[in-house]
Amino acid sequence: MIIVKFSDEEDSNYPEGITAGEVLFGRYKGLSNKIVAAKVNGNTVDLSTPLKDPDTALRVEPVTVDSEEGIGILRHSAAHIMAQAVKGVYKDVKLGIGPAIEDGFYYDFDTPAPFTPEDIEKIEKRMEEIIKGDSPFEREELKKDDALNLFKGMGETYKEELIRELGDDGVSIYRQSGFVDLCRGPHLPKTGMVKAFKITSTAGAYWRGDEKRKMLQRVYGTAFPDKKQLAQYLRKIDEAKKRDHRKLGRELDLFSVSEEVGPGLILWHPDGATVRLAIEDFWRKGHIKNGYSLVYTPHVAKLDMWKRSGHWDFYRENLFSPMDVEGQDYIVKPMNCPFHIQIFKSRLRSYRDLPIRYAELGTVYRFERSGVLHGLLRVRGFTQDDAHIYLAPGQIEDEVKSVLKFTLYILRAFGFNEYEIFLSTRPEKYVGSIENWAMAWGSLKAALEGEGLPYSVDPGEGVFYGPKIDIKIKDALGRAWQCSTIQADFNLPERFDVTYRDERGVESRPIMLHRALMGSLERFFGCLVEHYAGAFPLWLSPVQVVVLNVTERNVLYAGRVFEAIKEKGLRAEFDSRNETLNYKIREARLRKVPYMVIIGDREEEKGVVSPRSRDTGEMAQSTVQEFIESLERENKTIGGGPS
RNA sequence: GCCGGCGUAGCUCAGUGGUAGAGCAACUGAUUCGUAAUCAGUUGGCCGGGAGUUCGACUCUCCCCGCCGGCUCCA
């Protein structure tokens, strides 16, 4: 007899040998077509798993496709189906790995030739057949040696490699209609449960993510329990593409990249530059208020300085090549820190001066490999909202706390309320003592916890010179981009022999904090465009108001209204073209201008204006004065979310 | 950098070896209009660049540049 305890009821008894599926289907009849696996005492297993352990009551819960775990199982099974399809269509294909991922799954194949779009069609067709066949996924447990022989016999060398690295407890394999794959499971009971799937893309991917190993063909796909959900997902992707900053950047005439200038080098057009200016003004005011001193530094410096800083050794692959200047080598700067250090060192510093905070919107250039460039989000020349803070060792935690507060204040002002925070630990390649690393890491951690901020630890992802806190925000397509970063550095103060006089007049070594709140203006702006889908809040909008005259009769009066608005420092335009009102409204809408002011005979007679809002449409008539005042009020409210 | 796809007018895109096309935009003219496209006409192309095959190349081949999706990388 097996005793099962359900989450909401008393124990029930079942005969020995009953499977998890039979128990669940009996108990949760309404859910039967949604249950994909079972959770037995917290472990997720196949529905076909027989229940045993008569001594104690088992906790058995259903895992449904609605849950994150459930859809993951469905997609993982879809990956197996795809692998079977590929093996069925092509010989000489070796299997890599095929996990479920966010929004879908992939499988890596070692093929003699990459897949063509026609191949993909064939594969999809074969997958349909396999799904129609509705054959069961069958789990089998093998001894390690037997599994090795099995996959060796099939020529699956990648699987062999994986098995060799597994423990000696034996391995599990799954079979469906003749196809075998090494797999931990669990899987759907039958292939037919994959009701909707689509192969989304293909790409090369190095085996085990190692650049030095063979490149396999990765096929990405996604799967859902029904066609409606798949269609919905595809629609969502389409919507996301519409707010892609590269598309909006062109449509709204914000920026461009010119093949003639070079890849990864951004040209800020007037409207983009206007937004940037608004961001920079806000940034400067904030920094002055928060105790930073603003500085400016050159764009090039002697190579010797970069040798001393360690960048030449640790970061050379990302540096632009040196240029010869009267027999001396110079490079364009990849960072601002050594310059700020020179400013610190330009005179003697006392402990009373600390913390010293130098901030700069410093433009840096880094050589990024051609394949990684991406719109504004990954470029070769960008402006960091950089600052370097010099501290006595005991000041780290408090300073990091206030930097965190400042960061969140800035992010929230732009409507970013969702982000992920990562605390990185020491990488393999590092400088400094283990003790220093531990101390600095502890301070960063304490600061995060002191501020009550949830974070996850990113092992080994620290910079070579110290641990860091990264804050990532997501782009329209769900890709996470690091913007804010706070990094401890004990390397540079050492290398440049940076000192201050402590309380006893002794020369001491300060700790340096690098921090960027927005990261780079390019990347931040790119994320911002996507975040607002191009419809910037009033304070950021390149054009805040467009004045539209209805007929030529109204040009004079409309012109006076326009002047009055401009007079107040609002960014206004006057569309006096000989076009219909509808045409002008449509154009202003497409440009996502927050306010229009419509001037016809009716307004002219009464000496008023008819405003129209981007968000709420037609507004009540008001005097020019009232309208301007309402805009000035709105302009001061910074930090609303996307409209 | 690697794998694959792509590159035709300012933009979006047709065009499979035989004289480069559409819509929008721009320009000109008419229209004087009330909350998302008035009508008509006119311009506009080294078909990304170079080499090759061919009587003939936007089209086929090779090299280069750039873009897109991944991989790797990412201070």
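This is a predicted model: local features need pLDDT of at least 70, side-chain atom pairs count only at pLDDT 80 or more; totals for chains, interfaces and linings use all residues.
Trainee: How many residues do domain 1 and domain 2 each put into their contact?

Mentor: Domain 1 gives ten residues to that contact and domain 2 gives eleven.

Trainee: Which strands supply the domain 1 side?

Mentor: At least two residues each come from β3 (35–40), β4 (43–45) and β5 (58–64) on the side of domain 1 that touches domain 2.

Trainee: And what's that side like by class?

Mentor: You'll find five nonpolar, four polar and one charged residues there.

Trainee: OK, zooming out. How many helices and strands are there in chain A?

Mentor: Chain A has 19 helices and 33 strands. Its C-alpha atoms fill a box of roughly 85 × 75 × 55 Å along the principal axes.

Trainee: What share of chain A is buried?

Mentor: Of the 643 residues in chain A, 38% are buried.

Trainee: What about contacts by sequence separation?

Mentor: Take the contacts between residues at least 6 apart in sequence: 69% of them join residues at least 24 apart.

Trainee: Switching to backbone geometry. Which residues does a cis peptide bond join?

Mentor: One such bond joins Gly185 and Pro186, with omega about -5°. Pro186 sits in the loop between β11 (179–182) and β12 (196–206). Another cis peptide bond links Leu354 and Pro355, where omega is about -10°.

Trainee: Where's Pro355, then?

Mentor: Pro355 is in the loop between α11 (337–345) and β20 (356–365).

Trainee: Now phi. Which value does Asp103 have?

Mentor: Phi of Asp103 is near 70°, which is positive in a residue other than glycine. Asp103 belongs to the loop between β7 (100–101) and β8 (104–110).

Trainee: Why does Asp103 count as partly exposed?

Mentor: Because it has 15 C-beta neighbours inside 10 Å, and partly exposed lies between the exposed limit of 12 or fewer and the buried limit of 20 or more.

Trainee: What's phi for Asp134?

Mentor: Asp134 also isn't glycine, and its phi is positive, near 50°. Look for Asp134 in the loop between α3 (117–133) and β9 (138–142).

Trainee: How many other C-beta atoms lie within 10 Å of Asp134?

Mentor: There are 14, so Asp134 is partly exposed.

Notes:
Residues are numbered from 1 along each chain as its sequence is written. Chains are lettered from A and ligands numbered from 1 in the order in which they are written. Helices (H or I, at least four residues) and strands (E, at least two) are DSSP runs, numbered from the N terminus. Two residues are in contact if their C-beta atoms, placed from the backbone, lie within 7 Å. Ala, Val, Leu, Ile, Met, Phe, Trp, Tyr, Cys and Pro count as nonpolar, Asp, Glu, Lys and Arg as charged, and the others, Gly among them, as polar.
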